[in-house]
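My notes follow in the order I made them.

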Amino acid sequence: MRRPRVLFCGLEFEDGYAHTRAYVDDNDLDVDVARCAREDVAREISRCDVAVPLMTKLDAELLKIGAAGALTHVLQFGVGLEGVDIECATALGVTVARIPSEKTGNATSTAELAVYLVLAALRRHDAMSASVRSRKLGAPTGNALSECEVMILGWGAIGVKIAARLRGFECALTAARKSKWAEDESDRCGIPLRAVCGTSDRDGLRALLRAADVVCVACTQDPSNAGMIDDEFLAAMKPGAALVNIARGGLFDRDAVLKSLKSGHLGYLASDVAWSEPVDPEDPIVRHEHTYFTPHIAGVTHSSYRMMGEIVATSASRLVEFRKLTDIQVVN
């Protein structure tokens, strides 16, 4: 019987591949683990049973090439499936799945980086670096998180963990999510929130945006919210407020963000993701004095990658019972 083959579609996030290979080798699993550059996926995808997309868009063309060969499963190394044509995969009989962040420590790692970016925004990270380079003491003057209100957009595992960590800073917290909130507050996970709303409640959402000193985006991306950080969203924010994005770059309307930064309405942008990745370091937004970017590393810690590597490896070794596995979430 042929060994199942896992293909990491891209050379980014290299430790994900390394941890998966290590788990296969250490546990003598009968699985092949390979990787290729994004531009070579079309050539390699038909030879794999499981494709791990990473940042590669698995569109209808690539999926059809894969399904004409050995491809039967797509398993993301994390949660983001916005680049996978799930409808096409379903029609081709290809099973698509993600690894929920609460299963791996990914949610914890991402929440930690979110707090880091909130602090970077409030204390103006790049301006601090500039002061060190110019030997300037006592500048910039930042804002105390304890005196701020932070709005968390998205109340899944990551949003909840962000709120739990921010509580220690004694800041006020609000939250918005797509689904309806429970009247008995049972879904607030014991975290005191000054106010909540659904994202479909336009007046409620505008009120929370207008009150927040920091807006922290932690929601998933799907076709309904792509480009949601647009002119209307940014105009609703408090003048001078900071925006933190540890979710997905596709939530940005890039031109709207640049315009808001140039006008000064958006006070600071700290983001782990971008509209195009890897982001161009010469992009005017990246070069703006009131921005700070990290290279999509919110969930990139050895603890979370070891666990996700184990899940990818064991899932590939158990393809017959793939849909029954409890460490992954099948979406089609």
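**Notebook: salt bridges, domains and a loop residue**

I began with K238, which is partly exposed, its relative accessible area being 26%. I note that this is a predicted model.

Which residue meets K238 in a salt bridge? I found D213, with 2.9 Å from N to O. D213 sits in the loop between α8 (202-211) and β9 (214-217), and K238 in the loop between α9 (231-236) and β10 (242-245), so this pair ties together parts 25 residues apart in sequence. D213 is also partly exposed, at 22% relative accessible area. The cut-off for buried is under 20%, so 22% counts as partly exposed.

**Other salt bridges**

I then looked up the total. The structure holds 21 salt bridges. I kept in mind that side chains of opposite charge can pair when their charged atoms come close.

I picked out D32 and R3. Their closest N and O atoms are 2.9 Å apart, and the two form a salt bridge. D32 belongs to strand β2 (residues 32-36), while R3 is in the segment before β1 (5-9), so the pair ties together parts that are 29 residues apart in sequence. I checked how open each one is. D32 has 32% relative accessibility and counts as partly exposed. R3 is partly exposed too, with a relative accessible area of 33%.

Next came E282 and R287. They form a salt bridge, with 3.1 Å between the closest N and O atoms. Is R287 buried or exposed? I read a relative accessible area of 56%, so R287 is exposed.

I also found a network. Salt bridges link R5, D40, R43, E44 and R47.

**Two domains**

I turned to the domains. The protein chain is divided into domain 1 (5-104 + 301-330) and domain 2 (106-293). Domain 1 is written as two stretches of the chain. The C-alpha centres of the two domains lie 30 Å apart.

How many residues of domain 1 are in contact with domain 2? I counted 11 residues of domain 1, in contact with 9 residues of domain 2. The size of an interface is often given as the accessible area lost when the parts come together. Here domain 1 and domain 2 bury about 810 Å² between them. Carbon and sulfur atoms carry 51% of that area. On the side of domain 1, M55, E82 and S101 lose the most area to domain 2. Together they make up 49% of what that side buries.

I checked the polar side of this interface. Between the domains there are 6 residue pairs in polar contact. The side of domain 1 that touches domain 2 has 3 nonpolar, 5 polar and 3 charged residues. The rule finds 1 salt bridge across the interface.

I also looked up E82 by itself. Its side chain meets that of R248 in a salt bridge, at 2.7 Å from N to O.

**A274**

My last stop was A274. Where does A274 lie? I placed A274 in the loop between β11 (268-271) and α11 (284-287). A274 is buried, at a relative accessible area of 6%. I listed its contacts, leaving out residues up to four places away in sequence. A274 touches G249, G250, F252, V279 and F293. I also checked V286, which is 12 residues from A274 in sequence. From C-alpha to C-alpha, A274 and V286 are 9.5 Å apart in space.

Definitions and conventions: Residues are numbered from 1 along each chain as its sequence is written. This is a predicted model: local features need pLDDT of at least 70, side-chain atom pairs count only at pLDDT 80 or more; totals for chains, interfaces and linings use all residues. Side-chain values use heavy atoms; hydrogens and water are left out. A salt bridge is a side-chain nitrogen of Lys or Arg within 4 Å of a carboxyl oxygen of Asp or Glu. Helices (H or I, at least four residues) and strands (E, at least two) are DSSP runs, numbered from the N terminus. Buried means under 20% relative accessible area, exposed over 50%, partly exposed in between (1.4 Å probe, protein chains only). Domain bounds come from an automatic or database domain assignment. Contact means heavy atoms within 4.5 Å. Buried area is the accessible area (1.4 Å probe) that two parts lose on being put together, summed over both. A polar contact is a pair of N or O atoms within 3.5 Å; within protein, one must be able to donate a hydrogen and the other to accept it, and residues adjacent in sequence count only if both atoms are side-chain atoms. Ala, Val, Leu, Ile, Met, Phe, Trp, Tyr, Cys and Pro count as nonpolar, Asp, Glu, Lys and Arg as charged, and the others, Gly among them, as polar.
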